[in-house]
Each structure stands twice: as C-alpha cells, then as structure tokens.
Amino acid sequence: MSQENENLEESQTEEVETPEDNETEETVEVDPLEAALAEAAEYKDKYLRAHADFENSKKRLEKDKMNAVSYANESFAKDILAVMDSFENALASMEESEDSTEVLEKMKEGVNLTHEQLKKVLEKNHIKAVDCEGEFDPEVHQAIMQVESDTHETGDVVQVMQKGYTIKDRILRPAMVSTCK
C-alpha cells in the first residue's frame with residue numbers, strides 16, 4: 001500500500017504542477033494587438049532603413065555624376081597640354097634668336113610640328129575634319145554665302161571659310177562654306 005500511496009502522491013504532484021504549467025503558457029500568449037503593433041514597428045524600422053539607404057545611394061550617384069561631368073574632358077585636356085608646351089617652346093626660342101631668317105625657319109618648322117601634334121591629339125579623341133569637297137550637305141556644312149563659278153556646278157562647295165569638325169558621329173562644328181549659285 002505504501003507503494004500505491006507514493007504513486008498517488010506523485011500523480012497528485014504532477015496534477016498540481018500541470019495547472020501551473022498551463023498558467024505559464026497563458027502568460028506566454030501575446031495580445032494580438034500588441035503583436036501587430038510590434039510587427040508594424042519592425043516594418044517601419046525596416047522601411048526607414050531602406051529609405052535612408054536609398055537616399056544615401058541617390059546622393060552618392062549624384063556626386064559621382066557631377067564628378068564625371070566635371071572631369072569628362074580630363075584626358076583630352078592632358079593631351080592638349082603637350083601642344084601648349086610646344087607653342088610655349090616655339091615662342092621662347094623666337095625670343096632668344098636674333099637672326100630673322102633663322103627665326104622664320106625655326107618658326108615654320110615648330111608650327112608644322114605643333115600642327116601635326118594637334119591633329120594627332122584630335123584624331124586620338126575621335127575629332128575629325130568634315131569633308132568639304134563636292135556637293136553642299138546641310139547636315140555638315142553651313143553656307144554663309146553664294147558665289148558664281150564657271151568651274152563648279154550649282155550647289156557645290158566653292159570655298160571653305162572655316163573647317164568643320166565631328167566628334168565620333170556627331171557634328172561638333174559645321175563647316176562654313178561658300179556655294180555656287
């Protein structure tokens with residue numbers, strides 16, 4: 001019998017503990033309103049963080065864009081500096097020389113070399129002269145006057161007043177020409 005009493009006491013002890021466990025489970029349960037508010041606060045926090053990241057990215061892209069625009073011609077500017085150096089060296093050598101024929105020969109040579117150097121820089125940066133031979137093309141030529149000519153047909157380019165240039169496939173500056181009436 002004592003064994004039955006012990007089993008009975010254990011079962012009563014277990015039964016007594018069971019209601020306490022149920023109370024613990026009930027306290028673990030969360031009010032649905034509080035759960036929804038906590039979830040809403042979590043989503044709001046995620047939204048604010050994502051929005052802040054987006055704004056930072058937007059500002060960074062704007063700064064990168066401004067830098068790209070500001071320094072877009074940097075390589076061209078570096079290339080053109082060599083031409084500037086050549087002109088400055090030519091001017092310095094003209095001031096040092098006393099003989100006028102020697103100065104003219106050096107000037108002619110220096111100007112030709114500088115011109116070739118400038119043409120290479122322009123070609124390297126995809127800048128080419130517009131072809132002005134033949135018929136007038138309003139896409140690349142700008143007629144500033146018309147002249148009469150026996151050697152040209154009507155609408156042909158007679159004389160180039162100012163060369164035109166293209167950069168890649170776009171007109172940088174149209175050629176100013178005179179055309180035949």
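Predicted model: local features only at pLDDT ≥ 70, side-chain atom pairs only at ≥ 80, totals over all residues.
User: What makes up the secondary structure of the chain?
Analyst: The chain has 4 helices and 6 strands, where helices (H or I, at least four residues) and strands (E, at least two) are DSSP runs numbered from the N terminus. From the N terminus on, the order of the elements is α-α-α-α-β-β-β-β-β-β.

User: Why is Thr 114 called buried?
Analyst: Buried means under 20% relative accessible area, exposed over 50%, and partly exposed in between (1.4 Å probe, protein chains only). Thr 114 has 4% relative accessibility and therefore counts as buried. This residue is found in helix H4. Buried residues make up 14% of the 181 residues in the chain.

User: Which residues are in contact with Thr 114, leaving aside its neighbours within four places in sequence?
Analyst: Contact means heavy atoms within 4.5 Å. With those neighbours left aside, Thr 114 is in contact with Val 83, Ser 86 and Phe 87.

User: Is Gly 134 buried, partly exposed or exposed, and what makes it so?
Analyst: Its relative accessible area is 35%, so Gly 134 is partly exposed. Gly 134 lies in the loop between E1 and E2. Leaving aside neighbours within four places in sequence, Gly 134 is in contact with Asp 156 and Val 157. The C-alpha atoms of Gly 134 and Asp 156 are separated by 5.5 Å, although the two are 22 residues apart along the chain.

User: Why is Thr 166 called buried?
Analyst: The relative accessible area of Thr 166 is 17%, and the residue is therefore buried. Thr 166 is found in strand E4 (residues 165-167). Beyond its neighbours within four places in sequence, its contacts include His 126, Ile 127 and Lys 128.

User: How do you know that E3 and E6 pair?
Analyst: Two strands pair if DSSP finds at least two bridges between them. Here 4 bridges join E3 to strand E6 (residues 175-180), and the two run antiparallel. Ser 178 in E6 is the bridge partner of Gln 159.

User: What is the strand order of the open sheet, and which strands are its edges?
Analyst: The sheet has 3 strands in the order E2-E6-E3, with mixed pairing. Strand E2 (141-147) and strand E3 (157-162) are the edge strands, as each pairs on one side only.

User: What is the volume of the largest pocket, and what makes a set of points a pocket?
Analyst: On a 1 Å grid over the protein atoms alone, a pocket is an open set with protein on both sides within 12 Å along at least five of seven lines, whereas a cavity is a set of points where a 1.4 Å probe fits but cannot get out; lining residues have an atom within 4 Å of a point. Grid points are joined across faces, edges and corners, and the volume is the space filled by probe spheres set on the points. For the largest pocket this volume is about 230 Å³.

User: Which element supplies the largest share of the lining of the largest pocket?
Analyst: H4 does, with 5 residues. The lining includes His 115, Lys 163 and Tyr 165.

Conventions:
Residues numbered from 1 in each chain as written. Heavy atoms only, no water.
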